[in-house]
Amino acid sequence: MSKLISVEGKRFERATVAALSLGRPVFSLANIALGVETMLCARCSVELSGQHIVIPVLPFLPPVPWLAYMFGAIWIACGVGLLCERTVRQAAIALGSLLFLSTLILEVPKYAANLGNMGWRTGVFEPLAIGTLAWLLPGPRATSRLLSQVSRYLLALSLIVFGVDHFLALAPIGTLIPAWIPWHVFWIAVFGAGFIAAGWSIGLNVLQPWGAFGIGLMFATWVITLHLPRVLGLYAIPGAARNPAEWSSLFIAIALWGGPWALASTLARQRRSASRPSDAGTIVGRARV
C-alpha cells in the first residue's frame, strides 16, 4: 500500500512539474501579445471616465502613435527575451521596470485623483502585478535581495487588493460569469478569498509555491471559461471579438496565469536544488566514511 502511494505521489509530482513548466512560455507569449496589441492600436483612442483619452490597451498610453510603437516593440522584445535562458534575467528586469514605471507615471496619478474608482484601481494593480511577476521570474538567486523582496510585497498587495475588490463588488462582478455557471455571487466570494489567501501566502513566504500555483490555476480557469469564449463570440456579446479591451483582458488573464506558475516553478526548482547534498558535501561524507 505504501509503495502504491509513493508511486502515485511521484506521478502527481511529475504532472505538477510538467504543468508549472508551461508558466514561463505562457507568461512570455501573453506579454508578446500585449505588445503586439499595443502596436496595432497605436492609432486608436478611447475616452475613459470622461476625463482621459488613451489607447485602449493596458497600461493606457496617451494616444501618441510613436510612443505606442516604441512601447509595444520593447514589450515584444522583453517577451521574446523571457523565452531564452540566456536572456531571461535581462528581459525580466527590463519588462518589470517598463511596467512599473508606466504604472507609476500613467496610472497612479489617475487613481490618486479618484480613490474610490475601482476601474482606475484595477488599472494600477494589473500592470503592477505583471511587472512584479516579471521581476520575480528569474528567482531570488538571480536578482538582488531588495528587488526580490519589494516585488514579492507588491505582488502580494496587488492580489489582496483584487480580493478585497471582489467582496466590494460581489454582484457587479458576478454578472461577468457565464449564465451556465450557477451561484455567481458564491464563486466571486470564493475567488476573492483565493486572491487574499494567495497574497498572504506570497507576502509572508508561507507555502509560497502553492499560493502561486493556486492563483495561476484560478486565472487559467477564467481564461478557459470566460475570456477566451468572449473574444471568440461564443457568449454572443455584441462587438466582443473586435473590442481591444476584451482582447487585452484575455492577454492580462493569460499573463496572470503563466506568471504565477513560472514563479512556483522557479521556487520549487530552487528548493529541490537546495535539498540535494552538494558534490563537495558528498565527497567530504565519503572521505569521512
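**View 1. C44 is a partly exposed cysteine.** The relative accessible area of C44 is 34%, which makes this residue partly exposed. The structure is a predicted model. A disulfide is a covalent bond that joins the sulfur atoms of two cysteines. The structure has zero disulfides. C44 takes part in none, and the nearest cysteine sulfur, which belongs to C41, lies 4.7 Å away. Cysteine sulfur atoms must be within 2.5 Å to count as a disulfide.

**View 2. C78 is a buried cysteine.** At C78 the relative accessible area is 6%. Buried means under 20%, so C78 is classed as buried.

**View 3. Helices α6 and α8 pack against each other.** Two packed helices are described by the angle between their axes and by the distance between those axes. Helix α6 covers residues 145-168, and helix α8 covers residues 184-204. Their axes are 7 Å apart and meet at an angle of about 160°. Angles over 145 degrees count as roughly antiparallel, and α6 and α8 are therefore roughly antiparallel to each other. The crossing of α6 and α8 is left-handed.

**View 4. The protein chain contains 11 helices and two strands.** Along the sequence, the order of elements is α-α-β-β-α-α-α-α-α-α-α-α-α. The protein chain has 289 residues, of which 46% count as buried. Of the contacts between residues at least 6 apart in sequence, 65% join residues at least 24 apart.

Definitions and conventions: Residues numbered from 1 in each chain as written. Predicted model: local features only at pLDDT ≥ 70, side-chain atom pairs only at ≥ 80, totals over all residues. Heavy atoms only, no water. Buried < 20%, exposed > 50% of the residue type's maximum accessible area, 1.4 Å probe, protein only. Helix = DSSP H or I, 4+ residues; strand = E, 2+ residues; numbered from the N terminus. Contact = heavy atoms within 4.5 Å. Axes fitted to C-alpha atoms, helices over the stretch in contact; angles between N-to-C directions. Parallel < 35°, antiparallel > 145°, perpendicular 65-115°, else oblique. Left-handed = near helix turned anticlockwise from the far one by under 90°.
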